[in-house]
Amino acid sequence: MVDKAQEFFSSGAPLMGIFSRTRDIIAANFNDMLDKADDPQKMIRMIILEMEETLVEVRASAARTIADQKEMHRHTVKLDKLQADWAEKAQLALSKDREDLARAALVEKKKAGDMSEQLKQEIAVLDDALRAYEQDIAKLQHRLREARSRQTAIAARLESAENRVKLRSLMTNERVDEALSRFDQLERRVDYAEGRADALKLSSEADKLSLADEIAALEGTDAVDDELEQMKRALGLNESADDSAAKKGE
């Protein structure tokens with residue numbers, strides 16, 4: 001039992017190391033670290049990796065602590081039973097007038113009681129350690145979520161900045177200006193082609209109007225001829241002209 005207690009106390013240094021490392025990460029100022037970093041995205045990845053590894057170690061250490069605590073509980077139960085056994089033996093020896101044996105049994109009972117008390121104190125220390133583990137794990141998980149959120153934000157900002165750089169580089173490129181001037185030339189060619197098409201349409205419409213005017217003129221001529229014939233009949237010119245034509249025929 002004493003060896004078990006010594007083994008636990010000798011393992012205190014690694015536990016303190018994990019506690020110290022965890023507290024340093026929890027108290028770390030990410031903003032200062034990122035401001036001083038040449039590559040913030042790389043730095044935040046390193047921070048997240050460190051936190052994930054530490055979280056795994058803390059959980060593993062907590063699991064070992066729980067296992068040790070359970071084992072110590074089992075030993076305390078055995079020691080309590082051992083104390084009861086030595087007490088019965090002491091009573092038996094005393095009832096047989098063997099005070100020397102009774103005294104020796106009581107000495108063994110005291111040893112078992114001292115060991116049990118020591119283990120119970122260690123169990124109380126482990127209870128405090130487990131509560132500290134729970135708090136640190138919760139804080140570490142919170143900082144890890146915070147770091148991952150910062151990683152997403154940094155990645156988005158970096159992508160946006162890179163896109164802006166590409167866009168500005170593109171807008172200040174001479175090749176873009178040359179392409180835009182070619183677009184202007186193409187637009188002028190299109191305007192010219194559309195102008196020709198509109199001119200042909202106007203010419204076609206002019207031709208149609210001219211034909212309509214000719215037909216209207218013909219209709220006007222017919223009307224004049226009719227009116228001229230009517231005037232001739234009124235003057236009797238048509239009859240004399242018809243008689244002359246008949247005589248020539250004879």
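Predicted model: local features only at pLDDT ≥ 70, side-chain atom pairs only at ≥ 80, totals over all residues.
Visitor: How many helices and how many strands does the protein chain have?
Guide: Helices (H or I, at least four residues) and strands (E, at least two) are DSSP runs, numbered from the N terminus. Read from the N terminus on, the elements run α-α-α-α-α-α-α. The count is therefore seven helices and zero strands.

Visitor: Which element has the highest mean pLDDT?
Guide: The term pLDDT denotes the predictor's confidence in each residue, from 0 to 100. The protein chain averages 75, and 64% of the residues score at least 70. Helix α1 (residues 2–10) has the lowest mean among the elements, 44, whereas the highest, 89, belongs to α4.

Visitor: Over residues 1–13, how many contacts beyond four places in sequence does the model have?
Guide: A contact means heavy atoms within 4.5 Å. Over residues 1–13, pLDDT stays under 50. For this stretch the model has contacts beyond four places in sequence numbering 15.

Visitor: What share of the residues in the protein chain is buried?
Guide: Buried means under 20% relative accessible area, exposed over 50%, and partly exposed in between (1.4 Å probe, protein chains only). The protein chain has 250 residues. Of these, the buried share is 21%.

Visitor: Which residues does Ile48 touch, not counting residues up to four places away in sequence?
Guide: Ile48 is one of the residues with the most contacts inside the largest core. The C-alpha atoms of Ile48 and Arg145 are 9.1 Å apart in space, although the two are 97 residues apart in sequence. Beyond four places in sequence, Ile48 touches Leu144, Ala147, Arg148 and Gln151.

Visitor: Why does Arg145 count as exposed?
Guide: Arg145 lies in helix α5. It counts as exposed because its relative accessibility is 53%.

Visitor: Is Ala93 buried or exposed?
Guide: The place of Ala93 is in helix α4. Not counting residues up to four places away in sequence, Ala93 touches Arg98, Glu99, Leu101 and Ala102. Its relative accessible area is 11%, so Ala93 is buried.

Visitor: Where is Asp97 placed?
Guide: Phi of Asp97 is near 60°, a positive value in a residue other than glycine. At 69% relative accessibility, Asp97 counts as exposed. Its place is in the loop between α4 and α5.

Visitor: What distance separates the C-alpha atoms of Leu82 and Lys109?
Guide: Leu82 is in helix α4 and counts as partly exposed because its relative accessibility is 35%. Leu82 and Lys109 are 27 residues apart along the chain. Their C-alpha atoms are separated by 7.2 Å.

Visitor: The charged end of Lys89 sits over the ring of which residue?
Guide: A charge sits over a ring if NZ of Lys or CZ of Arg is within 6 Å of the ring centre and within 35 degrees of the ring normal. The charged end of Lys89 is 4.6 Å from the centre of the ring in question. That ring belongs to Trp86.

Terms used: Residues numbered from 1 in each chain as written. Heavy atoms only, no water. Core = buried A, V, L, I, M, F, W, Y, C linked by side-chain atoms within 4.5 Å.
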